[in-house]
Amino acid sequence: MDFSIILRTVGSLALISGVLSVIISVAEKVLNNYGTCELDINEGQKKLSVQGGSSLLSTLAGEKIFIPSACGGKATCGLCKVQVLEGAGPLLPTEEPYISEQERADHVRLSCQIKVKGNMRLMIPEELFNIREFNCTLESITDMTYDIKRLRMKLPAGETINFKAGQFMQFYTKPYGKVKEEVFRAYSISSKASEHDYLELLIRLVPGGICTTYVHTALKEGDQVRLSGPYGDFYLRGDCEELIMIAGGSGLAPIRSLVYDVIEKGLPHKMRFFFGANTVRDLYYMEEFAQIEQEYPQFKFIPCVARPEPEDNWTGDTGFVTVALQNQVDTGEGKEAYLCGSPGMLDACIKILKEKGFTDQTIFYDKF
Amino acid sequence: MPQISPFIIFFASIITSNMILSNFLGMCSYLSVSSEYKTATGLGMAVTLVLVMTTVINWVVYKFVILPLEIEYLQYIIFIMVIAALVQILEMGMDRYMPDLHAKLGIFLPLITVNCAILGVTLFMVIRSYGFSQSLMFSLGSGLGWWLAINMLAAIREKLKNAKLPPGISGPALSFIITGIMAMAFIGFSGIFTIQ
């Protein structure tokens, strides 16, 4: 076989593909270069300077704003919806199946399909905008009761968190002992919403629980912990005169944050906090809440112990929290109820509250 | 081969040598994107545009690269590479300078890369030794003919949406039958002009 044919074949193919790839790269550089684009998010709340040319979804991800997306940008899940007020161009055929008439009128677009080609004005829900990952340092781990620990974590230097009192974080464990995989669980934030560089969680040991066992046995002060958030729609609505708060065990966490939120913002709401515990051993934060009660007449703290021992000299309410609720709350009028605790307790309380005239619109709860 | 007038080639490639109805090329997008008249129009437009551009460029490549280097046996590979590269660049350029048009045609462009009508026209051009103007008119005519055929099928399919059809025949089966009838109807024109 003639050697020159092979040479010519390989040579000309290489030449032609080389020329074509050079043309494509040059075209990409010239045509796909949209320079620096300004993204204005939520009416000037945040302004980003980004490199144009990629999809809005990946551009935002590059700026650590995570829009939920399941399909990874193929326009098949329709989750990555974002309101684009300006700069998105016409609706694409690939978007049409996922955008309703109403959404079309609201300028809702699929962020994976539209490309950043110039300055854009977007609206991103506050929650999404806020969800981030934090690699915190565990500053202290304190026993609150025999089975509840308080974790106080410092955010990385320079980072801050904005959350609504009552929201929760996801806590990621590291592999330990026999558990080889990372797991994550949700825990309500118990620290004040005004504290932007620290997070506190209250974690009760659940026998056999992977995450709580990790927290109670493996975690040490100074460890790095990974959190993401804030998530959730359990936060103050405040469209009323009085707030009835009910918690059991570590359900105290979001309520503590809520109480401080109302006080620090100087809101006029009266508050009654029913805290249910099985025994006196299960009570914690007692001094702190007694202190708040003294300083702020708008706040009443009502701890209820179901089974106090005679030697405890318990002088407060005795019996389940439902009993106190039944006796001390007269009507649901002008009140909102905020509940956090075990499903059993919550269901019993919600039943009583509904009998007293509370509705689904005035009862807010976090079940765990 | 005698020189045929480019205008004869133009009309023949629309009607008597229609890419779909007489050569059965570019069938897959023809069948899958013909359920709505509007999208069919978009695809037809995109195919016509890409056909003209690729055929012209492939003619230049054939004349000035493949023939001088005597690498005719590589023409398939080279033509496909040129088509793919061109569609890429076309998409980027359209996105940049004609965003409205890109919004309409953008999703069809990647589909067209693998549309066999595109390669078919280039290969016919080589087999029939067309000159530049003949190739230009041939590609334009073939594109318009493809567009005409997909629009006709889409129009019929839209009408059929309201028709009561036996379940066994609806869907792709009916599309094939309609295409067959359309092809037979187009044979009726064959006496007017012939190019092959």
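This is a predicted model: local features need pLDDT of at least 70, side-chain atom pairs count only at pLDDT 80 or more; totals for chains, interfaces and linings use all residues.

Which residue in strand 14 of chain A is the bridge partner of F274(A)? The partner is I302(A).

What else does F274(A) touch? Setting aside residues up to four places away in sequence, its contacts are M245(A), I246(A), I302(A), C304(A), V321(A), A324(A) and L325(A).

Three of those names lead us to a helix. In helix 8 of chain A, residues 321-328, the buried residues are V321(A), A324(A) and L325(A). They cover an arc of only 100° around the axis, which puts them on the same side of the helix. The general principle is that an α-helix has 3.6 residues a turn, so residues three or four places apart point the same way. The buried residues of helix 8 of chain A pack against strand 12 (242-248), strand 13 (270-277), strand 14 (299-305), strand 15 (317-318) and helix 9 (343-355) of that chain.

I turn now to the nonpolar cores. The largest has 60 residues, and the members that touch the most others are L201(A), M245(A), I246(A), I255(A), F273(A) and F274(A). Helix 6 of chain A, residues 252-264, supplies the largest share, namely six residues. At least three residues come from each of domain 2 (132-231) and domain 3 (242-367) of chain A. There is also a second, separate core of 52 residues, which includes I15(B), L86(B), M125(B) and W146(B).

Elsewhere in chain A, strand 10, residues 198-204, is mostly covered, with six of its seven residues buried. Strand 10 pairs with strand 7 (148-154) of chain A in the antiparallel sense over seven bridges. Within that pairing, R152(A) stands opposite E200(A) in strand 10.

Next, chain B. How many helices and strands does chain B have? The count is nine helices and zero strands. Of its 196 residues, 42% count as buried. Among contacts in chain B between residues at least 6 apart in sequence, 80% join residues at least 24 apart.

One residue illustrates such a link along the chain. G145(B) is found in helix 8 of chain B, residues 132-160. Is G145(B) buried or exposed? G145(B) counts as buried because 29 C-beta neighbours lie inside 10 Å. The C-alpha atoms of G145(B) and T16(B) are separated by 9.4 Å, although these residues are 129 apart along the chain. Beyond its neighbours within four places in sequence, G145(B) is in contact with S13(B), I14(B), I15(B), N18(B) and M19(B).

Finally, the two chains together. At their interface, 19 residues of chain A are in contact with 21 residues of chain B. The side belonging to chain A comprises ten nonpolar, six polar and three charged residues.

Thank you for your attention.

How values were computed:
Residues are numbered from 1 along each chain as its sequence is written. Chains are lettered from A and ligands numbered from 1 in the order in which they are written. A residue is buried if 20 or more other C-beta atoms lie within 10 Å of its own, exposed if 12 or fewer, and partly exposed in between; C-beta atoms are placed from the backbone. Helices (H or I, at least four residues) and strands (E, at least two) are DSSP runs, numbered from the N terminus. The arc is that of the directions from the helix axis to the C-beta atoms. Two residues are in contact if their C-beta atoms, placed from the backbone, lie within 7 Å. Ala, Val, Leu, Ile, Met, Phe, Trp, Tyr, Cys and Pro count as nonpolar, Asp, Glu, Lys and Arg as charged, and the others, Gly among them, as polar. A nonpolar core is a set of buried Ala, Val, Leu, Ile, Met, Phe, Trp, Tyr and Cys residues joined through C-beta atoms within 7 Å. Domain bounds come from an automatic or database domain assignment. Two strands pair if DSSP finds at least two bridges between them.
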